[in-house]
Each structure stands twice: as structure tokens, then as C-alpha cells.
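I opened a notebook for this structure today. Below are my entries, in the order I made them.

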Amino acid sequence: MQPLLRIHNLSLDFNAESGIVNALKNISFSVNKGEVVALVGESGSGKSVTALSILQLLPSPPAKFTAGEIIFSEDSHGQTDLLKRKRHEMQDIRGNKIAMIFQEPMTSLNPVLTCGDQVMESLLLHKKITRAEAKQLTINWFEKVKLPDPLAMFNRYPHQLSGGQKQRVMIAIAMCCEPSLLICDEPTTALDVTVQKTILQLIKELQQQSNMGVIFITHDLGVVAEIADRAVVMYKGEIVEQNTVKEIFSNPQHPYTQALLACRPVNHKRGKRLPVVSDFLEKTPDNNPQPIAEPSKHSESSIDHDMSSEVLLKAEHLSVHFPTRKTMFGKALSFTKAVDDISFEVYKGETLGLVGESGCGKTTLGRTLLRLIEPTAGTIIYNGIDLTAKKRDELRSLRKEIQIVFQDPYSSLNPRITIGAAIAEPMKVHGILPTEKQRKDKVAELLEKVNLKAEHFNRYPHEFSGGQRQRIVIARALALNPSFIICDESVSALDVSVQAQVLNLLNDLKKEFGFTVIFISHDLSVVRYISDRIMVMNKGKIEESGKADDIYFNPQSDYTKKLIASIPKGVPIG
């Protein structure tokens, strides 16, 4: 029997200003009906380029296929080479026979159309049905993807939905024409672990009901274990290993696969240095990765946080309420309680993990501690100073002491100024170091500290990868030599290997500079790895708090148990 999709010896080049980039090098794999095949690898490995090639969604030029074929066989008899189909002939295949769920639903959905209209658009394009029939089918699909109140969802716009709900709308758009092949490009990367689990279960359910083939793209091998039958591991445009998921996990052959499995914090004791990809690979003259007999020795050292019993920051009865409805005169009628009467302490030198789902109040709490958001009630005492009693202009001197590393480094860096200038800017504002040259030397030193190079000083943010940009904003936070840093989801969107590098870096810098950290994340496995204590937030309140290992291995609250149960453990099902 013919496979549903067969990619054979596919090679693809991009004509870039710097020369020709070999994006795909002679890749071959197949997908059968009713099978989930995972494409695994870091950013830049060629996963998404492979998916976009199947649907001819790459701009040509600069993309150019130099060899190979992509054979699609919907009914197991007739077959077509998708690369030989003209662009207008692909219209009947895209969204109809082969559908795709993209990584970021907010940018994939049209903000000016209702969610219902966007599903109807696909149905009316590919099926000969009336608008009334299309509307009913859309509502049926909203029920199938388990959206609450499907009729109300039909008339809502994307900005009115949560991340998980938007992803469900994307699944409905992709599935409504009942395709033979579904391509999922990192559909759960930025979602909470609980939402991720329900989305994975949903895709698996729908796939089994319709017996369709699925290509599931991810960088997280834990997710692969939850959903896939077979895995194809990609590294720098090449397939380095492919096998059943059970074999990949129990007996990985290639050092790169071994590295991806080893990088995940869930597999390591708290504070023990995480291995990174470079520990498993070394470069040979022909640029092929070779295994190193053992991960390098530094990966065995452990991190001991030097934590004292001295309270550095204390929040008492802290509340932040946002008005949801106002009168015509601006008086608030109802409120959302983002932070609801919470009290806690942060000890000098510790890492306090703050965990919970999106909307639980974590980020609001973090920003309120810096007075970036004004508290509705309560007090914040930092080093004996009542921050809530200070006027905004009086807080300027304290800004040096408390810094924040934001979730998205790209949007927190000015695209028009070099990264060197961005790191030097806070030093200039606060009058640290008298001359420009001294500040420049300090920036060069900080860049080296975060494993970048001094010559990167004059480059712009767009010239760096996501992991490098995250290091740049860490360097900027360190420029003022703060005592206290708040990390807001600072590793949530990174590849597991890059995430391991950034977590190791934070631990190393913390040991060197002795600062205190509040580490905000929705991923309990990451928080457990890096934190001394954990606070679990739910609906603006603290659900429970305690030592990191106690919370992770012996949770008391049902909510915490649910969060932990949702973490992909990286063990194949069955």
C-alpha cells in the first residue's frame, strides 16, 4: 500500500545575501494513513521549512528546490508530485486535502473577522454548501474541538479568546474540510502545560476518528512521547535518526537525539547542571557531528544556592484589581481580581519560583512588585523600604536594585539601536561609570559573561537567535548590578537545548553576583529545577507554597496536582 505522503531525497537552498544556504539536505521520510509522525529538532533544523515545502508555501525566490520529490497519495492508488503542481493547482489541496495548524494562532487568525467567519471561509471555498449549512457545520466543529458556548464563540473575534481557545479555532479551521493529512507546526509551544495536554489529546482524538495522517512538528521530545507513533530527528537540515517513538526514547542512536533527551529539566535533580547539545557533539573537519564519549565534566557540577534567612522583600495583603465595566463617568462597576489579597516573603539569595496557568496573576504580581503596575491595596517592603509609599519619581534610585527580564526579548529590545547601546543605556541613565569607553568595556565584559562575544556590540536585535536575545536582556538586567531580578517566562518559548543553556547561565550568574530571583513560569518542571521554594498561583491567590521538591513530588492542592500531571514526562505511552 502506498504511503499517504512520501518525501524522497528532498534538497532545498535559499539564496541569501551572504550566499547560498542549504536549508534541506537530501531528506527522506513517509507518513501513512492513521499515523502520527513527529519532526523533532531545534530552531533552524529544517522542520518548518519541510512542512512549508509540502504545501508550496515558501517564496520562490529565494527558495529553490534542487532535488527530490514530495509524493501525495490520497486514496493509496493515484499519486501526485506536489513539487510539480502549479501554484494555482495547489488551491484545491491546501486546507482541503492537506491542512496546517500554525505555531502562533494570534498571527494566523484574521483579527478583523469573527472566529466563525474564518471557519466558514474554508468550508465555502472547498465544499458546495450554502452559508446556513456552513454556519451549522462551523458550530458543530466548535463543539468537536470543545470550545465553551460554540454559538457565542462563532461571533467572537480572536482577541477575545485565550491562547488555548485560539488554538482550538485553528484546529477547527484545519479540520473542517476533513483533510487526509494534517500538519501541526509547534501548535502547543507557548501554551500552559494543562492547555497543552488538552490540545494534544484533542488532536489525537480527531486524528483517530478520521484516520488521517499527521506530521507533528516540535522541539520537545516530551510532547513527542504523548502523541506520536514515529519520530524523525532533524539537525541542520538533515535527518540524523528516525524510528518508532519507543525506540527513540529507549535506545537513541545519534548523539544529537541523546542530547535532546538529556536537556530536559524534568529528567534532572534540582540545581544539577543541565547538559547541553555541545556536550554530546563535537565538530570534525567535514562538519559532521561526532559523539563525545561522555558529556563534558562541567555538566556534573551542581548548583548550591546561597540562601539566607534574611527577608529581602515582603508583600502584605497585596491586591491588584482591573476594572472590567465602567459607567459613562468612568466609575468602575466591576473588577477582575488579578492579584487577590496575597502575602509572602522572599529571602535574600534564594530563587523563588512562581508558577500557574496563564491568567492566574503571575506576571501582574511580578510587575506590581516593581511598581510597573500600581497595587490596589497592600504594601511591598523591599530591604526595609515601603515601595508602595514612594512616589514614582522617588523609585528611580531603587530601579537599579530591582530588574526584570521580560518574556519576549525581541519586543523588549529597541530594534533601532545596537545591543551594545541597549545594555549601556541603563548605566548611562543611572550614572554608572563616568566615561563612554568604560561603559563600553563593561558591556563587552557582560556580553562575555552571558556567552556572547564582545564584537557583537554593534549588531542589532534581529541579527540574533531567540536564545541569544534572551542572553542580551539578561546582560542588560545585570548592567546595574541589581540585588533582585524578576524573570518573567524568560525560557518558555526557547528550544529545550537553548533553555538548558539559559537556565545554566542564570544559575552561574546567580552564584557569581549573588542576586535574588523570582522566576515566573507556567512550566512546573522548569520551576522545580531552578527554584529553592515554589509558590503556586491560581485565580489571583496563592494556592500553596513550600520547598521546591516538596511541592513537585508531594503536592497538597488539587490544582498543583493537575499542573504536575500535565507535564510531558518523556516516557512513551504504552
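Which residues line the second largest cavity? I found L369, L370, R371, L387, L395, L398, R399 and I402. I worked on a predicted model, in which local features need pLDDT of at least 70, side-chain atom pairs count only at pLDDT 80 or more, and totals for chains, interfaces and linings use all residues. Residues are numbered from 1 along each chain as its sequence is written, and side-chain values use heavy atoms, with hydrogens and water left out.

**Cavities**

I took a cavity as a set of points on a 1 Å grid over the protein atoms alone, where a 1.4 Å probe fits but cannot get out; lining residues have an atom within 4 Å of a point. Grid points are joined across faces, edges and corners, and the volume is the space filled by probe spheres set on the points.

I counted three cavities of 30 Å³ or more. Helices here are DSSP runs of H or I with at least four residues, numbered from the N terminus.

I then sorted the linings by class, with Ala, Val, Leu, Ile, Met, Phe, Trp, Tyr, Cys and Pro as nonpolar, Asp, Glu, Lys and Arg as charged, and the others, Gly among them, as polar. The largest cavity has eleven nonpolar, ten polar and four charged lining residues. The second largest cavity, of about 60 Å³, has six nonpolar, no polar and two charged.

**Cores**

A nonpolar core is a set of buried Ala, Val, Leu, Ile, Met, Phe, Trp, Tyr and Cys residues joined through side-chain atoms within 4.5 Å. Buried means under 20% relative accessible area, exposed over 50%, and partly exposed in between (1.4 Å probe, protein chains only).

The largest core has 61 residues, of which F142, I171, L182, F216 and V224 touch the most other members. Helix α6 (residues 163-175) gives the most to this core, with seven residues. Apart from it I found another core of 56 residues, including F457 and Y559.

I looked up F216 for contacts (heavy atoms within 4.5 Å). Beyond four places in sequence, its partners include V36, C184, L200 and I227.

**G163**

I placed G163 in helix α6. Its relative accessible area is 32%, so it is partly exposed. Leaving aside neighbours within four places in sequence, G163 is in contact with P105 and L191.

Methods. 1 Å grid on protein atoms, 1.4 Å probe; cavity = no way out; pocket = protein on both sides within 12 Å on 5 of 7 lines; lining within 4 Å. Helix = DSSP H or I, 4+ residues; strand = E, 2+ residues; numbered from the N terminus.
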